[in-house]
Amino acid sequence: MYKRGGRSVSIAPLGRAVVAGALVLATMSFGVLLTSAGPAGAITPGSISGKVTAAAGGGNLQGICVNVSAAGGGPFGGTATTASDGTYTVSGLASGNYDVSFDSQGFCPNGVAANYVTQWWNDQPSQSTATTVVVSAPNNTPNINAAMVAGGSISGKVTAAAGGGNLQG
């Protein structure tokens, strides 16, 4: 308490507020430090990497979507898009068994729509026949490569059943 202009003024509430604020700040800072450090014994995630090429000619394929999910139709694990040299890495994977698919529909970040047949690792046509890829964190599982087969195409002319005239639209 101190005197100001003949009045007694208490600084205790101000002092308590400053101390309380300092305690809150210290607690928040300590929490951030604990969060940043991660839990004791935390394991660094693993990854899957490889290269995607065209089956005909072997050229590198850029913009192919590589999708990883837990083996047997489990939850989504991650995605990557192939670079200009055809390489990719899917990071942030826990230890476990995964299915890896390669598609050219362009629905991943930086994906490019192209005419290649979707496949699963080891030249498999579906997830039910996919060869499982094993990840042992924190290691990278390399050489999960794919050679994409070009898709087919259909062309023709649409005509009217009556009279055979060309149809538009």
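**Close-up 1. The aromatic pair.** By the ring-centre rule used here, the count comes to one aromatic pair. Under that rule, rings of Phe, Tyr and Trp (for Trp, its six-membered ring) pair if their centres lie within 6.5 Å; planes under 30 degrees apart count as stacked, those over 60 as edge-to-face, and the rest as tilted. The partners are tyrosine 88 and phenylalanine 102, whose arrangement is edge-to-face, with 6.1 Å from centre to centre and 75 degrees between the planes. Because tyrosine 88 belongs to strand S6 (residues 87-93) and phenylalanine 102 to strand S7 (residues 96-103), the pair ties together parts that are 14 residues apart in sequence. Helices (H or I, at least four residues) and strands (E, at least two) are DSSP runs, numbered from the N terminus. Tyrosine 88 and phenylalanine 102 are both buried. Buried stands for under 20% relative accessible area, exposed for over 50%, and partly exposed for values in between (1.4 Å probe, protein chains only).

The model is predicted: local features need pLDDT of at least 70, side-chain atom pairs count only at pLDDT 80 or more, and totals for chains, interfaces and linings use all residues. Residues are numbered from 1 along each chain as its sequence is written, and side-chain values use heavy atoms, with hydrogens and water left out.

**Close-up 2. The disulfide.** One disulfide (a pair of cysteine sulfur atoms within 2.5 Å) is present in the structure. It is formed by cysteine 65 and cysteine 108, with their sulfur atoms 2.0 Å apart. This pair links distant parts of the chain, 43 residues apart: cysteine 65 is in strand S4 (residues 65-70), while cysteine 108 is in the loop between S7 and strand S8 (119-120). The link of cysteine 65 and cysteine 108 is left-handed, with -85 degrees about the S-S bond. Cysteine 65 is buried at a relative accessible area of 1%, and cysteine 108 counts as buried at 10% relative accessibility.

**Close-up 3. The cis peptide bond.** Alanine 137 and proline 138 are joined by a cis peptide bond, with omega about 10 degrees. The loop between strand S9 (133-135) and strand S10 (140-141) contains proline 138.

**Close-up 4. Positive phi values.** Most residues other than glycine have a negative phi, and most peptide bonds are trans. Aspartate 123, a residue other than glycine, has a positive phi near 60 degrees. Aspartate 123 is located in the loop between S8 and S9 and is exposed, with a relative accessible area of 55%. Asparagine 143, also not a glycine, has a positive phi of about 65 degrees. Its place is the loop between S10 and strand S11 (146-148), and asparagine 143 is exposed at a relative accessible area of 55%.
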